[in-house]
Amino acid sequence: MKIQDPNPKPSQTQFLIENVYESRRVVPDDGMAVQMSLLFFTARPTFWARASKIAASHLHTLAGARPKPEREVLLNPLNPEAWFVKVVYTLFLRSHSLDSYVGYLSKNLTPSLAFEVIKRLNNPKLGLRFFELSKFSLNVNHGVWTYHYLLRSLCQMGLQDSAKLVFDYMRTDGLSPNESVLEFLVSSCAQMGRSDLAEKILDEVHCSVVRLSSFVYNNLFNVLVKLNQVDEAVCLFRKYVGSHCCPDSWTFNILIRGLCRTGTVDKGLEFFSDMRSFGCSPNVVTYNTLISGLCRAHEVDRGCDLLREVQSRSELSPDVITFTSVISGYCKLSRMEEASAIFDEMIGCGLKPTAVTFNALIDGYGKAGDMSSAFSLYESMLFNGHCADVITFTSLIDGYCRAGHLNHGLQLWHEMNAKNVSPSAYTFSVLINALCKGNRLCEARDLLRELKGSNVVPKSFLYNPVIDGLCKAGNIDEANLIVAEMEEKKCTPDRVTFTILILGNSMKGRMSEAIGNFSKMLSIGCAPDKITIDSLISCLAKAGMPSEARRIKKIAYEDLNMGAPSMGRPHLRANEIPVAV
């Protein structure tokens, strides 16, 4: 016979429902009693916790008081509205439905309280679900701050389509986002690659005869330019300019910057010419952008002409960036006399050169072989309070190596390390190449060991000179060890690496290894060029292996389509290449 427990425990899934009556606003006699779930949940099987009992009389004791502003944050836990928010939040999370409480909530859930619930959910997807439930089932007329909060949080989560839905709800309610939120919405759509959605939002805003400031468009254009979608930015400019958009100087600066970066400086100059027709005047940033673009396109004289134009305008003065762009342009063309003249002119205007200015001149003189002038500028740079960086040291090391003063370059390498200036991949490349050309392979090998312990991402062009030097010296095994080190560092050999190995093995009569290198080259998708193919075929023929030479030739000119515009199928299987034993 079973003995019944006098104090039975509820099951873990049990909910206790209590009737709670609102004493002031709802009279029990009218049948409008409100059921509020006082939830039980389990932290452990024997441990129960109960949500605080909330009486409606405590929720709305100030029924006649003035409504609180929507943005007020309910921080006080003793505030009855704060407890009401907590209960609604808990009910929504636990049951995912408020159908049982629609009557009560539709009368007591205000827009400000709904806003607090959405914020408490702290999840854009759940917030949107509660927003739609309260809007359509409880007839809550949400305010502008709720819409702004949802628009921002959904965009931040990358949910642009959901944000567009909220934007549509907002417009249906006769509300419009402010410019800051609209700019954020449009820009985030563009950042996520949804410029079509950004354009659609702008079109809908324009249908309301709303004229937006240039702030919204400038941020949109800026995002598109950063994403290299310059043509799209230009198209949107042409679509909205005049009728909906009043461009300012920054609008033009953004578009000109994008056009100059993509190498279409002439189009940038067309926008520059159109500025005045829109009532905009170019500023120093406009000129600097165009001068930099022209100098990068090696049209330095045209850039210098624009510098003179700035100088001729009373309201503008060229700055150090203006001069440095022209100086750098002349240095890259090895026109050091013009670069030096512009530098002296800049000093005469009372402008102080920056580290960028000095680095451009040091690199220019170094490549021109004038190390005396390069080192003099280096000393001037230090005297003016600038610290030499990796660009400074690399330019000097490169200059000394070009001039045949390798030991001077090595001294600077040690000075660089002593000053805790980390070398770049290009710094390593300059010295390794110079050491290999001087047949100082052991020292080049030591640099590769230093590279292994540095933060520089290894690239094949750093290893190739050493591999080439070892192969030419007949030390193929050591060269293979370096290739193995490359692969350990996740650095894949390139076409040059394989060509060096194929030629090195062929010269040593190791034709089996040479064909193996060729086979591996194809297996990893590295397509050989004509030099590699012709060299291997020639070596095979000289080694008395005509059949293998014919097979390689067949693969090259039939399977790889050598000489055609495309290399064809580079991914051949390794077993398609015969290996002579």
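The second largest pocket is lined by 19 residues, and Thr324, Ser328, Lys332, Val356 and Ala360 are the ones nearest its centre. A pocket here is an open set of points on a 1 Å grid over the protein atoms alone, where a 1.4 Å probe fits and protein lies on both sides within 12 Å along at least five of seven lines; lining residues have an atom within 4 Å of a point. The model is a predicted one, in which local features need pLDDT of at least 70 and side-chain atom pairs count only at pLDDT 80 or more, while totals for chains, interfaces and linings use all residues. Residues are numbered from 1 along each chain as its sequence is written, and side-chain values use heavy atoms, with hydrogens and water left out.

Back to the pocket. Its volume comes to about 460 Å³, taken as the space filled by probe spheres set on the points, with grid points joined across faces, edges and corners. H14, H16 and helix H18 (355-367) each supply at least two residues of the lining, and H18 gives the most, with seven residues.

Of the 581 residues, 46% count as buried, where buried means under 20% relative accessible area, exposed over 50%, and partly exposed in between (1.4 Å probe, protein chains only). Among contacts (heavy atoms within 4.5 Å) between residues at least 6 apart in sequence, 61% join residues at least 24 apart.

Helix H15 (residues 300-312) has 13 residues and reaches 18 Å from its first C-alpha to its last, close to the 18 Å expected; the expected span is 1.5 Å times one less than the number of residues. Val300, Gly303, Cys304, Leu306, Leu307 and Val310 are its buried residues. Seen down the axis of H15, they fall within an arc of 155 degrees, so they line one face of the helix; the arc is that of the directions from the helix axis to the C-beta atoms. Asp305 and Ser312 are exposed on the other side of H15. The cover over the buried residues of H15 includes helix H13 (265-274), helix H14 (284-296), helix H16 (320-332) and helix H17 (336-348).

Helix H21 (residues 406-418) tells a story of its own. The buried residues of H21 are Leu406, Gly409, Leu410, Leu412, Trp413 and Met416. They cover an arc of only 160 degrees around the axis, which puts them on the same side of H21. Helix H20 (390-402), helix H22 (425-437) and helix H23 (441-452) pack against these buried residues, whereas Gln411, His414 and Ala418 are exposed on the face turned away. After H21 comes Asn420, with a positive phi near 60 degrees.

Within H28, the buried residues include Ile533, Leu536, Ile537 and Leu540.

Notes: Helix = DSSP H or I, 4+ residues; strand = E, 2+ residues; numbered from the N terminus.
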